[in-house]
Amino acid sequence: MKLYDYILSPSCYKVRLMAALAGVKLDIRPVDFHPGLEHRGPELMALNPAGSIPILEDGDLVLTESSAILVYLAAKAAPDWLGGDAAEEAARVQQWLSFSGRLTASLGGARLHEMLLRPGDIGALQAQGIAALRELEAGLFEQSLRGQRFLVADRPTVADIACFPYVALAPDGGVSLDPYPTIRRWSRALRALDAFIEMPGIHRLHELKPEPHIESGEA
Amino acid sequence: MTQDAMIDEWYPVGLVSRLDGNGRKTALMGEPIEVASDTDGSARVTSKGRVLPVRVRYGHVWASLGQPQKELFAIPEADQPGRRFVDVGVVRVRCSPLRAVENFLDIAHFPFVHTDILGSEPHTEVQNYKVEIREDADEVWATQVKFYQPQAARSASGGITTEYMYRVPAPTCSVLYKTCPPRPGEWDVITLFVQPLAEDLCDVWPWMALFDDESSMTDLIHFQQTIFLQDRSILENQIPRLLPLDPGMEIPTRADLTSVAYRRWLKRRGYTYGAQLVAQ
């Protein structure tokens, strides 16, 4: 499977992360998104008229929407990540996959503006990003009341991977994650998964230090 | 008053390869400027209708708001045959331009921020190195810097002990000379050119002159962007926002000698745009 990839793109990172978690080996084709704008050049526009990356090629199949790519990788190699068949769970997966598009448009737009000088109304992008984060915080908190640590179930699904990167990188676009304790716990749970990989701006979890030794009688 | 010394310096304001007739609006030390190509293709930088002094060098357009007393610093390696010149592209950082340079001069953070690339635990020791302010050239130099690196460059396969020399030839620019894995005896050149937009906001333009015939240009760009974006979130969270030039809350260690010399040089020259002068 060939991934047209940009190391700093959160959408491309979704695909790399899902592939790592599912144990799928990708053939990476780096795209000079910045400063070269290669994704808008003739070769890639022929492959994806939308002019966006990631693009995944597998034989005759060409996928250009990151959620579709996540579903494809999971269906091929790690079906547990698709979520259950029950009506409510299947619908929740779709709900958050669609919701992730709002994170891309708002927090992703703010990040591109603040970091790579792309045009945009930064105030509006940040305000829409904050509205989406509040909705996500509420959704995750309701899940925690049901005893579930992730967006759809008590195990991670493609919905979590679709939402995680733009949320984790919100500070790059000037949006703080300080007000969202449930989001931060969820982010920690995802980063603690076996086979998790990082990207620039998303640091790996530090090894937990040993418990401090408390002398008896000190307290 | 104190801003004057930096006003006469040269600053990067854009990539030569992306110049166009329409012009690009940006800023330099709080002043709005516009960077465009003239009808004859040469670079033209204006501020409120005033034409600024301009140089075109090292892949970038350089300008000054004042009257530069010195020519733009020399990088002889930029004219050496066989090197590949890499325009890494701009990254904006909400930090003092001086902090961006200071971070570039630091080695001790490699294992923790650039884990498994420029450093790794337990190889965290910074061995002794030499630092001097060279009065003749008016530059800060750190030499004999050695560090164990798992993947020192795109062209490196496996860990090596890398040797570094750091040079600060201008208040917001640093040039790094580094062991060149495919060509022992030569140095790879990696620079950090910083455009001060405001005292706490800057555009960073990394540029490289490397010996590497194997990697694609995109791979070279992505390697350096990966490194710099690992630094960016840390730079944006440093407190205080401005670079302190007087000792206050911070206690430098031996590993920070380059930073100490850089701050001392800035203070001595009156390079204080982006600096905090009185300890708080």
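## Chain A as a whole

In chain A, 66% of the contacts between residues at least 6 apart in sequence join residues at least 24 apart. The model is predicted. Of the 219 residues of chain A, 41% count as buried.

Seven helices and four strands make up the secondary structure elements of chain A. Along the sequence, their pattern is β-α-β-α-β-β-α-α-α-α-α. Chain A is as compact as a globular protein of its length, because its radius of gyration is 19 Å, close to the 17 Å that the globule rule gives for 219 residues. Taken along the principal axes, the box filled by the C-alpha atoms of chain A is roughly 75 × 40 × 35 Å.

## Helices α3 and α6 of chain A

Helix α3 of chain A covers residues 66–77, and helix α6 of chain A covers residues 158–168. Their axes come within 10 Å and cross at roughly 140°, which makes α3(A) oblique to α6(A). The crossing of these two helices is right-handed.

On the α3(A) side, the residues that meet α6(A) are A:Ser66, A:Ser67, A:Leu70, A:Val71 and A:Ala74. Their partners in α6(A) are A:Val158, A:Ile161 and A:Ala162. By class, this contact has six nonpolar and two polar residues, with no charged residues.

## Where chain B touches chain A

Between the two chains, 18 residues of chain B are in contact with 15 residues of chain A. On the chain B side, the elements that give two or more residues are β9 (91–93) and α4 (217–235) of chain B. The largest share, 10 residues, comes from α4(B). The residues of this side of chain B divide into eight polar, five nonpolar and five charged.

Key: Residues numbered from 1 in each chain as written. Chains lettered and ligands numbered in written order. Predicted model: local features only at pLDDT ≥ 70, side-chain atom pairs only at ≥ 80, totals over all residues. Contact = placed C-beta atoms within 7 Å. Nonpolar A, V, L, I, M, F, W, Y, C, P; charged D, E, K, R; others polar. Axes fitted to C-alpha atoms, helices over the stretch in contact; angles between N-to-C directions. Parallel < 35°, antiparallel > 145°, perpendicular 65-115°, else oblique. Left-handed = near helix turned anticlockwise from the far one by under 90°. Rg over C-alpha atoms; globule rule 2.2 N^0.38 Å. Buried ≥ 20, exposed ≤ 12 C-beta atoms within 10 Å, placed from the backbone.
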